Amino acid sequence: MSAVVGAPVRQVDADALGAGDNFASAMVRVRVTTDGGEDKRLIVKQLPTARVEDFFPIEKAFNQEGHVYADILPRMQELLDAVGKGSPPLAPRMLHRAVDPDPLLIFEDVSVEGFRMAPRDQGLDEEHLRLVLRNLARWHAAGAVVLDERPELFEDTLRMVCAEHALLIDGMMVKGFARFLQHAERWPDALSRSTAAKLRRLQPDCAERLVAAHRPDPLGGGAFNTCLHGDLWMGNVLFKYDAGGKPVEARFIDFQITTWGSPSSDLTYLMSSVSGEARARRDAMLAEYHAELAACLSAMGARLVPTLDEIKADLRRRGMAEVVHVTASSALILAPHSLGLVWDNLVDVHHGDGPHPRDLALDREPARKVARQFFVEWEREGLLDALLQQQQRAEHAM
């Protein structure tokens with residue numbers, strides 16, 4: 001620990017972070033007191049004790065995060081700094097990485113600067129979402145250049161949504177989609193019932209279409225590809241607030257499944273964490289995201305600078321991802337820690353008596369409110385009708 005903090009250490013105190021903040025790792029907040037009496041605050045990240053390996057190669061994911069911090073993020077930050085877009089930093093700093101025999105990552109604890117997670121009960125509002133999209137635009141711009149420069153850095157990177165992880169997709173997404181429908185079909189309003197009927201028609205091949213929606217277009221062609229965060233939900237963003245409680249800065253964390261592909265993969269997954277009001281402002285905020293993305297790409301001399309219309313068209317083409325992520329995940333993301341969600345619940349396993357925690361999450365009014373607001377937007381945009389038409393064309397082509 002002395003090597004990490006750069007001074008002799010007198011005392012180390014540690015507290016495990018609470019359940020519900022992390023599912024695919026074990027995290028400890030550490031306070032180090034040096035011989036000189038200086039306090040240093042750190043976050044130590046280790047492999048989880050939960051039964052994650054049955055669904056996902058967690059040790060590979062853990063080592064991948066160290067690779068992202070050591071080999072990809074520094075170049076992305078360097079590119080942003082060179083064009084005056086490097087502030088604020090994209091992520092907290094990694095201070096130490098151990099691979100063998102026990103994988104370990106140590107980060108600066110930015111909570112001492114006032115960073116914390118946003119309240120989950122209503123989803124990200126417009127102010128929070130605007131900060132996330134501004135950071136994401138800078139991330140995607142720098143990531144696209146790094147991907148063009150050094151594609152070998154992304155070889156064999158893990159993807160959460162892919163055919164190889166069928167067990168994870170079935171438990172987390174497909175069964176989550178089905179459980180959501182069981183609830184939505186009982187809601188009394190006509191919009192929920194009619195929308196649920198369309199969603200039910202999309203259910204049979206939702207796994208295959210979800211995988212297809214996240215499948216990247218080939219590198220080196222005309223499609224815009226970039227470095228993806230890969231797991232961009234509100235629990236993987238830390239916010240700093242001013243004295244009035246307004247969010248003023250955001251930093252990303254957790255890069256275990258950072259990979260490459262269409263920016264739509266990050267954008268659609270992010271939608272599972274936003275409020276209905278923020279989703280209604282999506283077009284305006286997409287325009288802001290695109291403006292920052294295009295400015296950064298142009299300043300860096302990037303090979304491709306997608307237009308806003310191209311971004312929107314790709315999001316619509318991959319719209320099944322938003323539908324499945326929102327229906328399967330949104331209620332869990334909005335659920336309070338008091339529900340006691342654990343990893344098994346996320347993959348639809350429940351031990352013991354009593355209702356399934358996913359059902360409890362879906363029964364909460366905040367979750368129903370957000371879902372209904374998404375229904376309004378999907379119907380306004382014709383998204384579900386377009387997905388049904390895609391489905392019919394695929395059936396006729398068989």
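The paragraphs below go through this predicted model, from its nonpolar cores to its strands, salt bridges and helices. Residues are numbered from 1 along each chain as its sequence is written, and side-chain values use heavy atoms, with hydrogens and water left out. Because the model is predicted, local features need pLDDT of at least 70 and side-chain atom pairs count only at pLDDT 80 or more, while totals for chains, interfaces and linings use all residues.

We start with the inside. In soluble globular proteins, nonpolar side chains tend to be buried together. A residue is called buried when its relative accessible area is under 20%, exposed when it is over 50%, and partly exposed in between (1.4 Å probe, protein chains only). A nonpolar core is a set of buried Ala, Val, Leu, Ile, Met, Phe, Trp, Tyr and Cys residues joined through side-chain atoms within 4.5 Å. The largest such core here has 108 residues, and the members that touch the most others are F180, L199, F239 and W378. Helix α3 (residues 126-149) gives this core its largest share, 13 residues. Helices (H or I, at least four residues) and strands (E, at least two) are DSSP runs, numbered from the N terminus.

F180 shows what such a position looks like. If neighbours within four places in sequence are left aside, F180 is in contact (heavy atoms within 4.5 Å) with W187, L199, T327, L362, A371 and F375. There is also a second, separate core of eight residues, and V30, V44, L104 and I106 are among them.

Next come the strands. Strand β5 (residues 104-108) is largely enclosed by the rest of the structure, because five of its five residues are buried. Two strands pair if DSSP finds at least two bridges between them. Strand β3 (residues 39-46) runs antiparallel to β5, and five bridges join the two. In this pairing, Q46 stands opposite L104. Strand β4 (residues 94-98) is also antiparallel to β5, with four bridges between them. Here H96 has I106 as its bridge partner.

S275 is found in the loop between α7 (263-270) and α8 (276-280). Its relative accessibility is 6%, so S275 counts as buried. Not counting residues up to four places away in sequence, S275 touches Q122, G123, L124, D125 and F374.

Charged residues form another set of links. Side chains of opposite charge can pair when their charged atoms come close. A salt bridge is a side-chain nitrogen of Lys or Arg within 4 Å of a carboxyl oxygen of Asp or Glu, and by this rule the count comes to 36. In one of them, K175 pairs with D170, and their closest N and O atoms are 3.5 Å apart. K175 is partly exposed at 39% relative accessible area, and D170 is partly exposed at 30%.

R179 and D359 form another salt bridge, with the closest N and O atoms 3.0 Å apart. This pair links distant parts of the chain: R179 is in helix α4 (residues 166-184) and D359 is in helix α13 (residues 357-362), 180 residues apart. R179 counts as buried at 16% relative accessibility, and D359 is buried at 19%.

D283 and R282 also form a salt bridge, with 4.0 Å between the closest N and O atoms. D283 is partly exposed at 35%, whereas R282 is buried at 16%. Salt bridges that share partners join R279, R282, D283, E322, E377, R380 and E381 into one network.

Which residues of helix α10 (residues 308-317) are buried? They are I311, D314 and L315. These residues lie on the same side of α10, because they cover an arc of only 100° around the axis (the arc is that of the directions from the helix axis to the C-beta atoms). An α-helix has 3.6 residues a turn, so residues three or four places apart point the same way. The buried residues of α10 pack against α7, α9 (282-300) and α11 (319-334).

P357 lies in helix α13 and is buried, with a relative accessible area of 9%. Its C-alpha atom is separated by 6.6 Å from that of L341, 16 residues apart along the chain. Leaving aside neighbours within four places in sequence, P357 is in contact with L339, L341, N345 and H350.
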